[in-house]
Amino acid sequence: MVGDAQTPGTAEAPDTDTDWALRPVTIEDVEEIAFAELELFPDESWNVFQLAAEIEHPDRRYVLAAQGPQADGALLGYAGIMLAGDVADLHTIGTRREGAGIGRALLGWCEEQARAAGAGRMLLEVREDNSRARAFYAAAGYREIDRRRGYYRIRGRRVDALVMERALS
């Protein structure tokens, strides 16, 4: 992946008082992201091998937010998409600091990458019982288009996934 660390001063995160920046993920980031996965998604975390395969795949784009102007400090969040022609799929997004605009900046970066690759829309799945994430996506312009019954297996129970979509054009 190409790109330099960028301050989150784009439309997604206009806060000039931030102490973090975004940069594309490298294979060297996999272990730290795997630990964050366990922390943020203990029931459905990806392991280090799955993450490495994702990050190295030519049709994936991953970004992280970390402390410091070069995003070389503590990991604060990450996100990744799959590119599939005119559609992109948000595979993951997670943040360790709420309310700082990190989630918005990560999602915005993913949308920009999808547009640049020719995608006209972005899809994602979100747990039906995750009202905070559902509200976040709705505020970003995503709308529910489908339901995948029993998609998630959480501690012996099944939870539906809501499929959401947003036009990127």
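Me: Is Ala-71 buried or exposed?
Reply: Ala-71 is buried, since its relative accessibility is 1%. Buried means under 20% relative accessible area, exposed over 50% and partly exposed in between, with a 1.4 Å probe and protein chains only. This is a predicted model, where local features need pLDDT of at least 70, side-chain atom pairs count only at pLDDT 80 or more, and totals for chains, interfaces and linings use all residues. Numbering runs from 1 along each chain as its sequence is written, and side-chain values use heavy atoms, leaving out hydrogens and water.

Me: What should I look for in phi?
Reply: Most residues other than glycine have a negative phi. Here, Ala-71 has a positive phi, near 55°, though it is not a glycine. Arg-155, also not a glycine, has a positive phi of about 45°.

Me: Where do Ala-71 and Arg-155 lie?
Reply: Look at the loops. Ala-71 sits in the one between strand E2 (60-67) and strand E3 (75-84). Arg-155 belongs to the loop between strand E6 (143-154) and strand E7 (157-167). Strands (E, at least two residues) are DSSP runs, numbered from the N terminus.

Me: Is Arg-155 buried or exposed?
Reply: Arg-155 is exposed, with 69% relative accessible area. Ala-71, by contrast, counts as buried.

Me: Which residues lie nearest the centre of the largest pocket?
Reply: They are Phe-41, Ile-93, Asn-130, Ala-133 and Tyr-137, out of 38 lining residues. A pocket is an open set of points on a 1 Å grid, where a 1.4 Å probe fits, with protein on both sides within 12 Å along at least five of seven lines; lining residues have an atom within 4 Å of a point. Strand E4 gives the most to this lining, with seven residues.

Terms used:
Helices (H or I, at least four residues) and strands (E, at least two) are DSSP runs, numbered from the N terminus.
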